[in-house]
Amino acid sequence: MLAFLSFIGFTLLVAGFAYYKTHNARLTESTEGYFLGGRSLTGVYIGSSMLLMNLSTEHLIGLNGLAFRTGFIVMAWEVIAAVTIVLFAIYFLPKYLKLGISTIPEYLERRFDKNTLLITSILFLAMYIISLLPIVLYTGAIALESLFQVSNVFSIDKTTALWVMVWGVGGLGAVYAIFGGIKAIAAADTINGIGLIVGGLMVTIFALLYVGNGNAWQGLVEVYQSNPDKFNSIGSEDSLVPFSTLFTGLIVSNMFFWCTNQSIVQKALGAKNLAEGQKGVMLCALLKLIMPSIIILPGIIAFHIFKGQIDNPDNAYPELVHLILPEVLVGFFAAVVVGAVFSTFSGGLNSSVTLFIVNIYKQRINQNATETQTVSMSKYLGIGLALITMIVAPLVANAPDGLFYLIQQLQGIFNAPILSVVLVGLMTKRVPPIAAKLGLLFGMSAYIICNFILKINLHFFHLVGILFVLNVIFMLAIGYFFPAKPFEDIYTEQVNITPWSMVKPVAWLITLCSISIYVFLAHNVPKVIMIIYYLFAALILSYALYQIGKTLFRKRVINSAPQKTE
């Protein structure tokens, strides 16, 4: 009962905060307000919302399950993500905000043509509907069943409990996404983001206290000394994440997700100005660096506590939560899990609606639609997509065991082609529209042939990396032999694009932290590598401190200067 009450209490707190922040803002009466929050989002909203859109039960349960099996090598998804998020803040976001776009396909229309817009919009929609929304609801339902034992509490079978959880979480997420728009999602994510960090760290700390008999540090030492192989950051070539993949497909996959994925990028596109957008993006990057302590370390602690004796590693995290948290905190943490699922689902739903309305409905179906008609259609479409997703999600339970892994592989069909087209569009001026369309076709078909038909004996990430490079070369070759008229970026002046004064030193510090995590968790690092690392670290720290000091001094001089009076 205490668990249930704390769950309801935290969930109502989130709902109340979102309503308080949005009920008088009148942001659901226009498309810009509905999809981009009236371009009024501040750094904290953006950072929290980006983080929560990314983190869901696939991370809390899935990555901890992988860590249970393999150890810290799976931190690659989180640590490398921080570097690509920095790249988004420095290079991609300024270009996006300068153009005043609402969606990534909208940019591709301006850079190439309407057919490129249509193709990429359909690809994004397919990716969300097939591989994101149903899986998020399904894994979220599994997590809640494990935490709350709903089937036992209400004396129903697990299949029925699964349906109840899917419709409960899906319905709540749909209400925020459909009737509140992105500002409601961002407002809710602010509280959910805090809850996720606090709740996740709480699980880790309580688990270490459990192992160390009240001494968390002693608990960490015991886990490390008993399982040193689990704390190695360098994956071997036959491991799940070989170290070499960090420089091929893994960074390509991360760049797609954090720099061109509509559901993530849309949060930053709603920034009130570039400076606020960069602050939010950097906040997200910083939070990603502490995520291994929440979504990887608990899996290793669970391996130590349960001595590796859990049949399904994906149950390791829920079992750990049940073991080490008091009942009242189990309810709070369940609310955090719901928040993570709800954020990814509602954000993905909002992005799907945005893609269809902005790039298909208003372009191809009803070009003369009024603002009221457009927002109304958005809500009807959102309801339809939510219902379809909630019907399909429980059916995933009846699929073969390899379906989830197959869906992850299916995302490779979209990642490299879309990223390569966006990147070539941003970095060149004369590559023609036909190159983009053929690039999308070449990238998708080459991946399908190599991975599913020929089944080449090559790590998944290496294949993605190689095909990405080939796709870029293919498009550049078309541009070289059949150049188009130079494309000109036009500043729409929708938001101020003056960059944040601290963006470069903060970017270098986050990059240094990412490298440091790998260096200090690696086993048997050669001395020459350590010498190079320390020189690099000293250089970065000197540069960052100099830039921060210079900026603060300049602001102090400006603030202390006497004001002119007439």
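How are H12 and H13 oriented to each other? This is a predicted model, and in it the axes of helix H12 (residues 249-260) and helix H13 (residues 262-269) come within 6 Å and cross at roughly 40 degrees. Angles under 35 degrees count as roughly parallel and 65 to 115 as roughly perpendicular; H12 and H13 are therefore oblique to each other. On the H12 side the contact is made by Phe-257, Trp-258, Cys-259 and Thr-260, and on the H13 side by Gln-262, Ile-264 and Val-265. By type, the residues of this contact are five nonpolar, two polar and no charged.

Some of these residues also meet Phe-88. Leaving aside neighbours within four places in sequence, Phe-88 is in contact with Trp-258, Cys-259 and Val-265, and also with Met-50, Leu-93, Pro-94, Tyr-96, Ala-268 and Val-281.

Phe-88 belongs to the largest nonpolar core, which has 161 residues; Phe-88, Phe-92, Tyr-96 and Met-282 touch the most other members. Helix H18 (residues 327-365) gives the most to this core, with 16 residues. At least three residues come from each of domain 1 (1-12 + 40-395) and domain 2 (497-558). Another core, of six residues, lies apart from it and includes Val-519, Met-530, Tyr-533 and Ile-540.

Two loop lysines remain. Lys-307, in the loop between helix H16 (297-305) and helix H17 (316-324), has a positive phi of about 55 degrees although it is not a glycine. Its relative accessible area is 65%, so Lys-307 is exposed. Lys-455, in the loop between helix H22 (433-453) and helix H23 (460-481), is likewise not a glycine and has a positive phi of about 50 degrees. With a relative accessible area of 63%, Lys-455 is exposed.

How values were computed:
Residues are numbered from 1 along each chain as its sequence is written. This is a predicted model: local features need pLDDT of at least 70, side-chain atom pairs count only at pLDDT 80 or more; totals for chains, interfaces and linings use all residues. Side-chain values use heavy atoms; hydrogens and water are left out. A nonpolar core is a set of buried Ala, Val, Leu, Ile, Met, Phe, Trp, Tyr and Cys residues joined through side-chain atoms within 4.5 Å. Buried means under 20% relative accessible area, exposed over 50%, partly exposed in between (1.4 Å probe, protein chains only). Helices (H or I, at least four residues) and strands (E, at least two) are DSSP runs, numbered from the N terminus. Domain bounds come from an automatic or database domain assignment. Contact means heavy atoms within 4.5 Å. Axes are lines fitted to C-alpha atoms, for helices over the stretch in contact, and angles run from 0 to 180 degrees between N-to-C directions. Angles under 35 degrees count as roughly parallel, over 145 as roughly antiparallel, 65 to 115 as roughly perpendicular and the rest as oblique. Ala, Val, Leu, Ile, Met, Phe, Trp, Tyr, Cys and Pro count as nonpolar, Asp, Glu, Lys and Arg as charged, and the others, Gly among them, as polar.
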